[in-house]
Amino acid sequence: MEKGKDRLKGTLLMIIGVLVISPDTLLISIVSADRWTVVFWRSLLTALTLSVVMMIRHGRQAAARMTGIGPGGVMVAALFGVSTISFVSSVTLTTAANSLVIIAAIPLLAALFSLLFLGERIPVRTWSAGAVGLVSIVIIFSGSLGGGALLGDLLALVTAICMATNFVLIRHFRQTSMLPAVVLGGVMSTLAVLPLSSPLSVHAPDIWPLLFMGMVVLPVPLVLMTIAPKLITAPEVGLIMLLETVLGPLWVWLAIGQIPATQTFVGGLMLLTTLVVHSLLSLREPESEEVIV
């Protein structure tokens, strides 16, 4: 019963996180600044916001938390930094459809990595749900694939690999709070793009989207996504993240009046149904270990 509560909590945390982060691609697209400047401000504002959260939550122990993440935390930080840079670059170098379809491979990659590196037995239902999810994403964008730059597509694949690996690492080091690692990752990506960016060249219309990204759209989900993989498996986390690919076109619809294609509704319904069925079946799993958030 306790395990069922953990799974439900992890699933709800991930769903809330995906809902909050879903406008991210739209916000990146409407900002006129170059991609390095976007990465700089996204990363810096996210790191600052999460640092404030840590100080409020842990007080004088915040610094000790930062230094206590260990090798696993450093790996999570580095992968987060790389995925931040690769995702923004992918969105600006290829079509949004191509980026999101490729990133939709996360649950399958996470399942593979969990099997190879953690020895976790991945239920057939998770493999099946991941495959159905990938098919549903292809259906959604079947009318818009093609035309993307190869480099952008490859960077989307890098993003998927980094995120899938991070979900596996967070689950493996579930006794260690990974929020400090996310802060460190934000600092890493900020410093990495600093020589290439022009932070002071941002135009007035871009300020609010950047602030919204760096203070809400990224920090809130990242807090939730450092907890959820400790309660549900990495493939399940990746599976729920596919919802962002469904919600993306809906944000565009609301923002600029672009009506989603029939494929979006068909694929979205297919994915949502899969997620509901999978989540209900997951509630029957045995109890999990205590985790530190």
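Biologist: Why is helix 14 described as largely enclosed by the rest of the structure?

Modeller: Buried means under 20% relative accessible area, with exposed over 50% and partly exposed in between, using a 1.4 Å probe and protein chains only. Eight of the eight residues of helix 14 are buried, so the helix is largely enclosed by the rest of the structure. Those residues are A234, P235, E236, V237, G238, L239, I240 and M241. Do keep in mind that this is a predicted model, where local features need pLDDT of at least 70 and side-chain atom pairs count only at pLDDT 80 or more, while totals for chains, interfaces and linings use all residues. Residues are numbered from 1 along each chain as its sequence is written, and side-chain values use heavy atoms, leaving out hydrogens and water.

Biologist: What makes a stretch a helix, and how many helices are in the chain?

Modeller: Helices are DSSP runs of H or I with at least four residues, strands are runs of E with at least two, and both are numbered from the N terminus. The chain has 16 helices and zero strands. Of its 293 residues, 53% count as buried.

Biologist: What makes a set of residues a nonpolar core?

Modeller: Its members are buried Ala, Val, Leu, Ile, Met, Phe, Trp, Tyr and Cys residues, joined through side-chain atoms within 4.5 Å. The largest such core here has 61 residues, and M14, V18, L50, M213 and I240 touch the most other members. Helix 3 (residues 35-58) gives the largest share of this core, six residues. Apart from this core lies another of nine residues, including I69, L79, I170 and M178.

Biologist: How do you know that there is a cavity of 30 Å³ or more?

Modeller: On a 1 Å grid over the protein atoms alone, a cavity is a set of points where a 1.4 Å probe fits but cannot get out; lining residues have an atom within 4 Å of a point. Grid points are joined across faces, edges and corners, and the volume is the space filled by probe spheres set on the points. By this rule one cavity of 30 Å³ or more is counted, and the largest cavity holds about 430 Å³ of space.

Biologist: Which residues line the largest cavity closest to its centre?

Modeller: Of the 28 lining residues, I21, S83, M163, L222 and M241 are the closest to the centre. Helix 9 gives the most to the lining, with six residues.

Terms used. On a 1 Å grid over the protein atoms alone, a cavity is a set of points where a 1.4 Å probe fits but cannot get out, and a pocket is an open set with protein on both sides within 12 Å along at least five of seven lines; lining residues have an atom within 4 Å of a point.
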